[in-house]
Amino acid sequence: MAFTDHCDVFISVLEAGLNRVVQHVRRQWPSLFNYGTAAVAQRSELLCQRIDYHPVVERRNNPLITVEPPVPIVGSLYALDWCAQLTKAVVDFSPGNVLTLPPELGTLGPQRFAIGATVCGGLACPPGELVDHLPFNPERPSLGPPKAYERTAVYERSTAYERPTGLRPRPPLEVLPTRGFRCFCLDGFVVGGARFTGPPHRQHVIGRLDGIEIVDIKPEGLENSIECYGSLVTRLVLLPQLAVPTVEFVEQDLMGARVAIEPSPVSAGIAFNPALEDDQIKVFLDLDAGVAPPSGGGGGGGGGGGPPEPPLAPGVDRPRVRTDHFDLTLALSQAAVTELFNALRDAFTLSASDSADFGPFTMGYAIGVHLEGGTVTLRNDGTIRIAELDVKWDAAKVWIGIDLPEVCVGGFCIIPTPFGCAVRAPRLCVFDENPDIGITIDISGLIASELSATVRPLMKYSINHPVTVNDWDARDMKIQNRWVVLADIVTVDVDLFDIADIVGDLLHEALDDAIDNALGFLPGWAKSLVKSILGPIIDLVVAIIDLPDDVGEWIADKLGVSFGVLNLILTAVADHFAAKKPLLKIEEPLPLLPSPTGLIDVLVPIEFLGVRVNADELIVEGDIGG
Amino acid sequence: MPFAINQQWLNVTSFDSGAPSQGAAVVHRFGSPGEYRVTFLAGEASLAQTLLAVTHQTPSRAAAPGHVTLDLTEVAYPPTLGAATSQREHAVVSPDGYVSFTNSGKPTPFAVVVHPMGEKSPAFDTRRLGPGDLFAVTLIRPGEYRVRNELEKAEGRIRVAYPVVGDRPYRPPEPLSVECGGQGFRPAQIDVKPAQGLIFQVQTVARIRIDLTHPDDGPGEEPAPRASYSREALAAALERLREARKKS
């Protein structure tokens, strides 16, 4: 059974891969997982759990902790430091086999996900001897100078929660010093499902919370309160953050094609969409591709201004190192590939012109082509067959400039001798110089070209920066490494120049017209004399340019071989569909989440990507790096 | 390169051995060695002069050439004015050799008179050719010409055929020789192909003039066809014929 039996595009993410992504987010955005007071931010060793973070976080001065106000001691002007850390978060898709859910949540049902999280926190309780010496006058706390190991901080209360107006404002809180935190950890679990939400063309995959359980909290009222708080955090913060950014998207720069993707409707073939099963989240999508409208900026550089990207380094093979299931699977159906192919084909245009001197004559051309028709077939041998792709000639003009021989009379011998001619009569030449005639033949309606090719998609890894440059700096310099999908052209069958025989007649007429035009101002007798001396013009041209009987074949040969138009078109088509220009470029590591203010982007390493083809679909599979 | 036509040859319809130009030339053999002054005259005015040495050897002791052409264009116009070479230097020719006089430039009426150095009576005058002189001409314009020896009152006719665009490039036949003697021209009725050369062999005193009398402008435009058919009309006619046969 193919992935895309009932859709155009299939995407799945394995829970193990998703958990690796969560780890990357935790390491790259530690401040979203660790909260505490300013004192904690300055002394991270006070935290209940050491923070495991990516070195670039520190290098880019990103915070490890989100600083929050201290906890006030009610009725006093004292406050306590505190910290809270999400130290573990694991996702489990049906069937449940990663997490052991508490009895209150039962076993993980079908089409469900579970998230298990561990939150550690603590209060900075001051030493008893210090508390004994605290003054009781809440208005004038005086602790004396802090000892060397102690730190204090003074906080202004939030104005949003200030006392009612008319009352005397409180003086700032004084944080009691501490030697350490009294920490605790709580395990919590949520279960839920997933669905598409949002208006048409803007749909998101979003989680749905079905249950929450905090383990080992008594009494029940406290547990319920904490679960209520956890539920709110999950619904209002966590699940929206985990929403797939947008399923429908428009990619303007897929080689000039516009691609729109929408969720496939639930049907007999697709019971759930998205589906949470087989330890994966699966999404079934339909694809619509077309030619992108011309953009104002021109060229479509893939988003964003700035300097152009430097050329990609040649890709190399990067073999897979794991043997288990792929973390990511993307499959495109035959129909989707056909639709993409049609869009790419329609986006192709080429115009070119050139001229060359062939000695006795000069020749040039101006062409404009686009592509039409053609079929694309996915095959079980791992190749894609493109057949009967018509090269349509919007313009195809060939011009030929010919040096006519000098037409002279007179010069006959007046006094012949046994050794030759003693005296000759003066010569009269018709033309002042060696004359040229130029003819232009429009063969756009007479030329038919067809292209068939077999290509094999290849995934290569393009290394564009040394390992000494970190991935974030590389992105800033636009020299990030990339996975690139190329098309290896296995065979090409070209019949680029099938020129109708009538082109010979056209050439003849054009030559006659050219001579008539050139001699047009001459009286009839002079024109006849010149033409009689030149002889039948086509014979003359045949003699001058060594024209064979098959004029069409001669023009085809000149265009195809001498001017290399054949190679030009082939190269342009190949570049358009693949070859130097990758079908697809995927940044590695992949920018997953846009950076909130002041934080780095979350980059997720793609350890492996592979592409394969069978008769049903084109499949891209990958692993998320650890 | 420009497709420029040399227009001069189109409009020449008269030729005069007294002023050989536009494809015509007069050929004379001096015979006895000596130095000569060659004068090109327009009426009685001198257009240009040059020197001719008839000798066995050139100043560099090389054998003198058997032929020299004195072209008014080259004599009258120094190289700075466009002539290929200046002939203000001595022209040299062997006593057995021939000197041809012509004008490849504009058809300025001129005569050539050649005097031995220091003598007043000319040794040669194109206005009065003598026995042994030759007058060569190329007639291009189709039509009928009258040819006359103005000094002997002899006359003849020349007919230049209209050119035909054939299956092969046309090349004018070998030149035709015409005797110009005391009894007139032989043959008196001359038929030539277009651009075929004519060589008048002068056997008496002569000044030969050729003038176009009846130009031949050829067959003109092809007559309009009396009937025409198109592929569609032919197909329709055949269809009608088939239908008629079926009915019969």
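**Salt bridges in chain B**

Select B:Asp16, B:Arg148, B:Glu150, B:Arg207, B:Arg209 and B:Asp211: a network of salt bridges links these residues. Keep in mind that this is a predicted model.

Now zoom in on one pair from the network. B:Arg148 and B:Glu150 form a salt bridge, and their closest N and O atoms are 3.6 Å apart. How exposed is B:Arg148? Its relative accessibility is 24%, so B:Arg148 counts as partly exposed. B:Glu150 has a relative accessible area of 27% and is therefore partly exposed.

Next, select B:Glu44 and B:Arg127. They form a salt bridge too, with 4.0 Å between the closest N and O atoms. This pair links distant parts of the chain, 83 residues apart. B:Glu44 sits in the loop between β3 (34-42) and β4 (45-54) of chain B. B:Arg127 sits in the loop between β9 (124-125) and β10 (134-138) of chain B. Colour by accessibility here. B:Glu44 is exposed, at 69% relative accessibility, while B:Arg127 is partly exposed, at 24%.

**A salt bridge in chain A**

Move to A:Glu621 and A:Arg612. Their salt bridge has its closest N and O atoms 2.9 Å apart. Buried or exposed: which is A:Glu621? A:Glu621 has a relative accessible area of 10%, and the cut-off for buried is under 20%. A:Glu621 is therefore buried. A:Arg612 is partly exposed, at 37%. Over all chains, the structure holds 30 salt bridges.

Beyond its neighbours within four places in sequence, A:Ile400 is in contact with A:Phe361, A:Thr362, A:Met363, A:Ile437, A:Gly438, A:Ile439, A:Leu507 and A:Trp554.

Then jump to chain B. In soluble globular proteins, nonpolar side chains tend to be buried together.

Select A:Ser94. It lies in the loop between β6 (82-93) and β7 (113-123) of chain A. With a relative accessibility of 4%, A:Ser94 counts as buried.

List its contacts, leaving out residues up to four places away in sequence. A:Ser94 touches A:Leu108, A:Gly109, A:Pro110, A:Gln111, A:Arg112, A:Leu276, A:Glu277, A:Asp278 and A:Asp279. Draw a C-alpha to C-alpha distance from A:Ser94 to A:Asp278. The two are 6.2 Å apart in space and 184 residues apart in sequence. Now turn to A:Gln111. Its backbone nitrogen lies 3.4 Å from a polar atom of the A:Ser94 side chain.

Step one residue on, to A:Pro95, which is in the loop between β6 and β7 of chain A. Is the peptide bond from A:Ser94 to A:Pro95 cis or trans? The bond is cis, and omega is near -5 degrees.

**Another cis bond**

Go to A:Glu588 and A:Pro589. A cis peptide bond joins them, with omega at about 0 degrees. A:Pro589 is in the loop between β28 (584-588) and β29 (590-593) of chain A.

**A:Gln480**

Select A:Gln480, in the loop between α7 (471-476) and β27 (481-499) of chain A. A:Gln480 is buried, at 8% relative accessibility. Which side chain makes a polar contact of 3.2 Å with that of A:Gln480? The partner is A:Glu587. With residues up to four places away in sequence left out, A:Gln480 touches A:Asn464, A:His465, A:Ala474, A:Arg475 and A:Glu587.

Finish with the backbone. Select A:Glu388, in strand β20 (residues 384-403) of chain A. Its phi is near 50 degrees, a positive value in a residue other than glycine.

Last stop: B:Ala195. This residue lies in the loop between β15 (189-192) and β16 (197-202) of chain B. Phi of B:Ala195 is positive, near 70 degrees, and the residue is not glycine. B:Ala195 has 3% relative accessibility, so it counts as buried.

Methods:
Residues are numbered from 1 along each chain as its sequence is written. Chains are lettered from A and ligands numbered from 1 in the order in which they are written. This is a predicted model: local features need pLDDT of at least 70, side-chain atom pairs count only at pLDDT 80 or more; totals for chains, interfaces and linings use all residues. Side-chain values use heavy atoms; hydrogens and water are left out. Helices (H or I, at least four residues) and strands (E, at least two) are DSSP runs, numbered from the N terminus. Buried means under 20% relative accessible area, exposed over 50%, partly exposed in between (1.4 Å probe, protein chains only). A polar contact is a pair of N or O atoms within 3.5 Å; within protein, one must be able to donate a hydrogen and the other to accept it, and residues adjacent in sequence count only if both atoms are side-chain atoms. Contact means heavy atoms within 4.5 Å. A salt bridge is a side-chain nitrogen of Lys or Arg within 4 Å of a carboxyl oxygen of Asp or Glu.
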